[in-house]
Amino acid sequence: MSKITVSTLNKMKAENNKITALTAYDASFAKLFHDNGVEVILVGDSLGMVLQGGDDTLGVTNQDIAYHTRCVRAGSRELFVIADLPFMTYSSVSDTCKNAAELMRAGANMIKLEGGEWLYESIKTLTQQGIPVCGHLGLTPQSVHVFGGFKIQGREEDKAQKMIDDAKALEAAGAQLLVLECIPSALAKRITDALSIPTIGIGAGSLTDGQILVMHDLVGISAGYIPKFSKTFCSKQAICLQPFKNIVQTLKAVHFLALNTSLNNAVNH
């Protein structure tokens, strides 16, 4: 696979060639995904739930994301790596720039932040400073307590129109990619058609320019909550977990055999 850039993603949108994105948090999975044709890796604050075992993403720090971004970058030089700005790391333009710079130095190609038009100045400043930006609208996990849980967003027309307006504002500010999470498929299409930048959906239907899944969700091994919209590609974990069951059974059998051999030797002598 040749090196993936923003230009690559824009070309894929123009040619209606779907973008494949997955979360990853280490070098081994980054290499595995690269070797199998994935274009985009997100080092997501989802690590707070799937790696750290939290109930939400709010406990993740910028240092956490930077560490895992370095790990992912070590696994592939060609993948396009997006790194999440965690909760309350972009409450001001200066904080946004400082924390985004740390993630870019760790190996990210782009940073992602959650929110609408209120981020205009921060996104404009980041792009002026040479930091590519991915927006995130719909169900934004860092605002889960405001939403009252992980719920579909944008069902009412006024809220749908506000999301469309926010999407246009993010693009106007300089965002070059947009994640749409847990919104109606029809709204995702309206936003996708209204923008020149690519959209990446998660729980937003199939009419976006690409799809992203949390790697632990897609194989059904998350330590906590797995969203209803997340497609699991291992039936009831059986395919993914069978090798682990096999090795446990093998190790126990080998240990039992060694123990019996030791006992027999002791008796015979």
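A residue counts as buried when its relative accessible area is under 20%, as exposed when over 50%, and as partly exposed in between, with a 1.4 Å probe and protein chains only. The structure is a predicted model, in which local features need pLDDT of at least 70 and side-chain atom pairs count only at pLDDT 80 or more, while totals for chains, interfaces and linings use all residues. Residues are numbered from 1 along each chain as its sequence is written, and side-chain values use heavy atoms, with hydrogens and water left out.

**Whole chain**

Begin with the entire protein in cartoon view. It contains 11 helices and 8 strands; these are DSSP runs numbered from the N terminus, helices being H or I of at least four residues and strands E of at least two. Of the 269 residues, 49% count as buried. The protein exposes about 13,400 Å², of which carbon and sulfur atoms supply 57%; areas come from the Shrake-Rupley method with a 1.4 Å probe, and for residues only the protein chains shown count as cover.

**The barrel**

Select the strands next. They form a closed barrel of 8 strands in the order β1-β2-β3-β4-β5-β6-β7-β8, with parallel pairing. From one strand to the next, the twist averages 25 degrees. Two strands pair if DSSP finds at least two bridges between them. Now display β1 (residues 19-23) with β8 (residues 210-213), which pair in the parallel sense over 4 bridges. A21 has I212 of β8 as its bridge partner.

**I82 in β3**

Centre the view on I82, which lies in strand β3. I82 counts as buried because its relative accessibility is 5%. Contact here means heavy atoms within 4.5 Å. Beyond its neighbours within four places in sequence, I82 is in contact with V40, I41, L42, V43, M110, I111, K112, C134 and L177. The C-alpha atoms of I82 and I41 are separated by 6.2 Å, although the two residues are 41 residues apart along the chain.

**Helix α1**

Move to helix α1 (residues 6-14), where V6, L9, M12 and K13 are buried. Seen down the axis of α1, these residues fall within an arc of 125 degrees, so they line one face of the helix; the arc is that of the directions from the helix axis to the C-beta atoms. The face turned away from the buried side carries the exposed residues S7, K11 and A14. The buried residues pack against several elements, including β1, β2 (40-43) and α9 (185-194). After α1 comes N16, with a positive phi near 55 degrees.

**Helix α8 and D166**

Select helix α8 (residues 157-173), which lies across β5 (133-138) and β6 (177-181) and runs at about 175 degrees to β5. Axes are lines fitted to C-alpha atoms, for helices over the stretch in contact, and angles run from 0 to 180 degrees between N-to-C directions. Within α8, pick D166. D166 is buried, with a relative accessible area of 8%. Leaving aside neighbours within four places in sequence, D166 contacts G116, E117 and L137.

**Nonpolar cores**

A nonpolar core is a set of buried Ala, Val, Leu, Ile, Met, Phe, Trp, Tyr and Cys residues joined through side-chain atoms within 4.5 Å. Of the 52 residues in the largest core, I111, L113, I123, L178, L180, I183 and I191 touch the most other members. Helix α8 contributes the largest share of this core, 6 residues. A second, separate core of 17 residues includes A21, V40, L42 and M110.
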